[in-house]
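Thanks for taking a look at this one with me.

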Amino acid sequence: MAVTETSATTVMNNVEAVRATLYEAMKNDDRTIIIGEDVGPRGNVFLITKDFIEEFGESRVIDTPIAEASIVGIAVGMAMEGLRPIAEIQFADFIYPAFNQIVGEAAKTRYRSNGEYTCPLVIRTPYGGGVRGALSHSVSIEALFYHVPGLKIVAPSFPADVKGLLNAAIDDPDPVLFLEHKKTYRLIKGEVPNGHYTIPIGKANVLQEGTRLTVVSYGLYVHWALEAAKQLAGEGLSVEVIDLRSIRPMDKETILASVEKTRKLLIVHEDNKFGGIGAEISAMVAEEALFHLDAPIRRHCAPDVPAMGYALPLEEEYMSSPERMAQAMRDLVAF
Amino acid sequence: MTDVGTRPATLDKRGLSDEQLLAIFRNMLLQRQLDNRGFQLNRQGKVPFALGSEGHEALQAGAAMAFHRGKDILAPYYRDLGLAVGIGLTPFEILLSLFARADDHNGGRQFPNHYSSKAAGLMSFSSILAAHIPHAVGAAYAIKYRGETGRAVLATCGDGTTSEGEWHESMNFAAIHKLPFVMLVENNGWAISTPLSKQMAEPEIWKRAAGYGLPGRRFNGLDPIETYAVVSEAMERARSGAGPSLIEGTCYRFLAHSTDDNDMTYRTREMVEEYRKHDPVPRFEALLIQNGLATKEQVDALRKDVLRETNEATDAAEALPYPVPADLYTNVYEGAWQPWQ
Ligand SMILES: Cc1ncc(C[n+]2csc(CCOP(=O)(O)OP(=O)(O)O)c2C)c(N)n1
């Protein structure tokens, strides 16, 4: 983390970190445009851009029609033409109409023009469950996009990472899908360095060192994995917890180094198990470090149903919990 | 449609100079020649695929004349050979794309006719229909946002493409923000095998403009002069800050959709022959000769010149190398790319 101005910090939550970072980006570069539904006077549904329109004007804070394909598509055109748009999809669940613009267009602009055109675009969207959001306000979308070379995917969990990685995404010359877990928005607080800094996209963070087991996670579940690891520490079992932070590019070296040390790997994510990020990580570890393993790789993920339900028991059944994670960790340590 | 061949000898040039009229004609001949070349090379097994624009010559040559090089931006589609060469791409560049050579703007990555040229103001686009229309609108937004005057974005597409949601969303946004944007629909009546009647219940696409709060207009796309007049009026309107327009030029598609299509599976030879009676190339030629703008000899010389240029471009492009296998791995992201990332 390169802090350029001052080492002082401010305590804020994740949503405040998003807001502060966007505000700085708008202040610093008038090529930056925010485009999305309700981002104007309302300041988006989470009030992230509240008051931006008064300060930066309607031409830089664009309230769009309800038309996700063109929110992203118009932002792609702006990016190709030299602006630095930050497009917002109100909830990740509504990103599907924009799938073609993200996968078919943004991710391929540099490639298909052999570098003649580029697409420096950030697409921000709140995702994830545990907020009684029912079927259509709870989804995890990362696995639908991580298959796509040319696109970067970032999913930070801590306020300091939100700021450093969002700054990096805004600076990035390629399209970045920036996923914000909505349950962490107000729940997770932390110290955030003042001043401008970036955290490189593609670097995982070893949150806690340990010897008996490696747990790889991202998003809300990183916080629960830390809680679970604390429970195991109380039982004398030391767990290494890695926060991926970037889903693509993914930090292979950090994962492999950890697995080679602990010899056991548990991947924990909120998204469905089948074809999820965990499948790719476990395939990579099986290819690269099979003989370092003392146990099968395990994935502790959501069941393969279309979505979490609205009723509390349905949501709870879908989501994991620190307790369930702790049990998955114990099982693997004991293997 | 207006029968340009039977017009009176007092030609309405709509502000075009004699040189511009001849340049339009040369562009039409060049399109015909380059189109032919693509299909020939395909039959010779030298290129796997080609698309033709036969029938669109007048529309594209006229529209290209309304484009201000070095200022305007073009967001075209794959059938826009005449627009591409009309705004400054060379036959050599077209042939590079046909042969998929390394020096092609996109490095041999895309199908032929998917041009890209930052220098010419031609935005890179994919084969995904209508996906480029929001890009054009985004570029128009950038122009307006930066307060640049005297610039506009010209986007084109076929009639079938207007059925896509992204097309509608783009029109709506451009209208709301009064962007310097012109949507030019090249209505040739077909989308591969699907006729207009199965594409839309209202066959006059320009009429949709009213629904967006825009001016809309239809014109005879077989007449390059009328095309020029309508496109330049819309572009001037856009450049001056008065906002976008939706314009629709009618034309025919003489060839199959592409070298991979057999149009006799969905239309008859008689139908195509009927279309051919309206071929804009001989009709414009007759108009120029009738009005003393060119002699038969000059036209023949022009044809020869265009053939020579096409031959030279073919030889030059064919002689160049393909991209090398290592080129597959470049320009995924900025900088180097490791496949497991
Ligand atoms: C999104 C999408 N759907 C389908 C296709 C396949 N396709 C390629 S060209 C074409 C017809 C387009 O017709 P139109 O827009 O009328 O243009 P024309 O080819 O007639 O000039 C179709 C269906 C595609 N390329 N993209």
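Buried means under 20% relative accessible area. With that in mind, B:Tyr77 is buried, and B:Tyr78 is buried as well. Please remember throughout that this is a predicted model.

1. **Two tyrosine pairs in chain B.** B:Tyr77 and B:Tyr78 make an edge-to-face aromatic pair, with 4.8 Å from centre to centre and 65 degrees between the planes. B:Tyr252 and B:Tyr275 form a stacked pair instead, at 4.4 Å centre to centre and 20 degrees between the planes. This second pair links distant parts of the chain, 23 residues apart: B:Tyr252 lies in the loop between strand 7 (245-250) and helix 10 (269-276) of chain B, and B:Tyr275 in helix 10 itself. Both B:Tyr252 and B:Tyr275 are buried.

2. **Other aromatic rings.** Over all chains, the count of aromatic pairs comes to 16. In chain A, one aromatic cluster is formed by A:Phe46, A:Phe91, A:Phe94 and A:Tyr185.

3. **Charges over rings, from chain B to chain A.** Look for B:Arg109, whose charged end sits over the ring of A:Tyr111, 3.8 Å from the ring's centre. Then find A:Tyr117: B:Lys118 lies over its face, 5.0 Å from the ring centre.

4. **An open sheet in chain A.** Seven strands make up this sheet, in the order 4-3-5-6-8-7-14, and their pairing is mixed. Its edge strands, strand 4 (61-63) and strand 14 (246-248), each pair on one side only. From one strand to the next, the twist averages 20 degrees. Within chain A, strand 3 (residues 32-36) and strand 5 (residues 84-88) pair in the parallel sense over five bridges. A:Gly36 stands opposite A:Glu88 of strand 5.

5. **A proline to visit.** Where is A:Pro156 found? A:Pro156 belongs to the loop between strand 7 (152-154) and helix 7 (159-171) of chain A. Its relative accessibility is 3%, so A:Pro156 counts as buried. Leaving aside residues up to four places away in sequence, A:Pro156 touches A:Asp161, A:Val162, A:Leu165, A:Phe178, A:Leu179 and A:Arg245. A:Ala204 is 48 residues from A:Pro156 in sequence and 9.9 Å from A:Pro156 in space, C-alpha to C-alpha.

6. **Cysteines.** How many disulfides does the structure hold over all chains? The structure holds zero. Among the cysteines, A:Cys119 counts as buried because its relative accessibility is 1%. A:Cys301, at 19% relative accessibility, counts as buried too, since the cut-off for buried is under 20%.

Note on methods
Residues numbered from 1 in each chain as written. Chains lettered and ligands numbered in written order. Predicted model: local features only at pLDDT ≥ 70, side-chain atom pairs only at ≥ 80, totals over all residues. Heavy atoms only, no water. Helix = DSSP H or I, 4+ residues; strand = E, 2+ residues; numbered from the N terminus. Buried < 20%, exposed > 50% of the residue type's maximum accessible area, 1.4 Å probe, protein only. Contact = heavy atoms within 4.5 Å. Disulfide = S-S within 2.5 Å. Pairing = 2+ DSSP bridges. Axes fitted to C-alpha atoms, helices over the stretch in contact; angles between N-to-C directions. Phe/Tyr/Trp six-rings, centres within 6.5 Å; stacked < 30°, edge-to-face > 60°. Lys NZ or Arg CZ within 6 Å of the ring centre and 35° of its normal.
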